[in-house]
Amino acid sequence: MGKGPWEEENPGVPRPTSPLFDATLLDEGDRRNVVDAYRYWTREAIVKDIDTRRHSLHIAIENFEHDANIGTVVRTANAFAVDTVHIVGRRRWNRRGAMVTDRYQHLMHHENVDDLLAWAIDNGLTIVAIDNTPGSVPLETAELPKSCLLLFGQEGPGVTEAARAGALMTCSIAQFGSTRSINAGVAAGIAMHAWIRQHADLSRAW
Ligand SMILES: C[S@@+](CC[C@H](N)C(=O)[O-])C[C@H]1O[C@@H](n2cnc3c(N)ncnc32)[C@H](O)[C@@H]1O
């Protein structure tokens with residue numbers, strides 16, 4: 001995956017001198033999992049560039065029992081240029097599923113749900129909980145707010161009562177089989193894409 005050293009890949013083409021580029025990557029090659037537009041760029045330059053088109057979409061996931069899905073959520077949030085992923089509860093999470101995408105994604109930790117809710121209000125975000133609990137409305141037909149924080153629960157307990165109480169609504173993803181629920185990482189991907197379909201400028205996608 002990726003590219004070898006600049007001189008090998010681009011024979012005869014002058015080496016870029018812009019500060020966007022990382023000298024070590026130009027020398028040794030860039031094998032990172034980044035889109036080609038960012039090949040050989042420094043991490044800081046990549047984050048700054050994504051910052052120019054991040055969405056008014058935030059994601060929060062409760063992490064009171066070491067949820068193994070957070071890495072997947074972070075990777076998908078990165079793909080959709082989500083503003084920030086908020087981890088609520090335990091600070092530590094298993095980064096393996098993130099496949100290093102967390103280096104390019106803003107992350108924020110909150111000790112508890114009350115802290116998250118206060119932060120969301122201060123920052124003008126409307127919270128939408130995602131769970132298939134009684135009283136939830138179908139995500140498939142819901143209108144999601146533009147400045148939105150989508151809040152996910154974890155395997156087992158689902159979204160906590162405190163979080164649901166602070167949300168404008170809870171949206172469920174329609175299911176038709178025997179399982180009670182789908183994987184939280186998969187649910188997060190579906191819900192993020194529902195927001196993208198309603199609010200993103202598709203002409204800016206790669
Ligand atoms: C595996 S579920 C566990 C809780 C679930 N309420 C249950 O009864 O088994 C973990 C998280 O994934 C998300 N999730 C899973 N299936 C979902 C669905 N059909 N609709 C909305 N969210 C879902 C929710 O955020 C949920 O809190």
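# Chat about a predicted model

Biologist: Which residue stands opposite proline 138?
Modeller: Proline 138 stands opposite serine 172, which is in β7. Keep in mind that this is a predicted model.

Biologist: OK. How many bridges do β5 and β7 pair over?
Modeller: Two bridges. The pairing of β5 and β7 is in the parallel sense.

Biologist: What is the strand order in the sheet?
Modeller: The order is β3-β2-β1-β6-β4-β7-β5. That makes seven strands in an open sheet, with parallel pairing.

Biologist: Which strands stand at the edges, and why is one side of each left without a neighbour?
Modeller: The edge strands are β3 (106–110) and β5 (137–138).

Biologist: Now β4. How many bridges join β4 to β6?
Modeller: Five bridges. Strand β4 covers residues 126–130 and β6 covers residues 148–152, and the two run parallel. As an example, threonine 126 has cysteine 148 in β6 as its bridge partner.

Biologist: And how many bridges join β4 to β7?
Modeller: Three bridges, again with parallel strands. Strand β7 is made of residues 169–172. Look at valine 128: its bridge partner in β7 is methionine 169.

Biologist: Which strands does helix α4 lie across?
Modeller: Helix α4, residues 70–79, lies across β1 (57–63) and β2 (84–89). The helix runs at about 175° to β1.

Biologist: Let's zoom out. How many helices and strands does the protein have?
Modeller: Seven helices and seven strands. Starting at the N terminus, the elements go α-α-α-β-α-β-β-α-β-β-β-α-β-α.

Biologist: What does the C-alpha trace span?
Modeller: About 65 × 40 × 35 Å along the principal axes.

Biologist: What share of the residues counts as buried?
Modeller: The figure is 34% of the 206 residues.

Biologist: And what share of the contacts comes from residues 24 or more positions apart?
Modeller: Those residues account for 69% of the contacts with a separation of 6 or more.

Biologist: Switching to domains. What does the domain assignment give?
Modeller: The assignment gives domain 1 as 6–50 and domain 2 as 57–200. Their C-alpha centres lie 33 Å apart.

Biologist: How many residues of each domain are in contact?
Modeller: Five residues of domain 1 are in contact with five of domain 2. On the domain 1 side, the touching residues divide into three nonpolar, one polar and one charged.

Biologist: What about the ligand? How many residues surround it?
Modeller: There are 18 residues around the ligand. The closest are Gly153, Gly158, Ser181, Ala184 and Ala187.

Biologist: How do the residues of that shell divide?
Modeller: Into seven nonpolar, eight polar and three charged.

Biologist: One more topic, backbone angles. What is phi of tyrosine 40?
Modeller: Near 75°. That is a positive value in a residue other than glycine. Tyrosine 40 is in the loop between α2 (23–28) and α3 (43–51).

Biologist: Is tyrosine 40 buried or exposed?
Modeller: Tyrosine 40 counts as buried, because it has 25 C-beta neighbours inside 10 Å. The cut-off for buried is 20 or more.

Biologist: And where is methionine 99?
Modeller: Methionine 99 is in the loop between β2 and β3. Its phi is positive too, about 50°, although methionine 99 is not a glycine.

Biologist: How does methionine 99 count, and why?
Modeller: Methionine 99 has 13 C-beta neighbours inside 10 Å, so it counts as partly exposed.

Note on methods:
Residues numbered from 1 in each chain as written. Predicted model: local features only at pLDDT ≥ 70, side-chain atom pairs only at ≥ 80, totals over all residues. Pairing = 2+ DSSP bridges. Helix = DSSP H or I, 4+ residues; strand = E, 2+ residues; numbered from the N terminus. Contact = placed C-beta atoms within 7 Å. Axes fitted to C-alpha atoms, helices over the stretch in contact; angles between N-to-C directions. Near = placed C-beta within 6 Å. Nonpolar A, V, L, I, M, F, W, Y, C, P; charged D, E, K, R; others polar. Domains from an automatic or database assignment. Buried ≥ 20, exposed ≤ 12 C-beta atoms within 10 Å, placed from the backbone.
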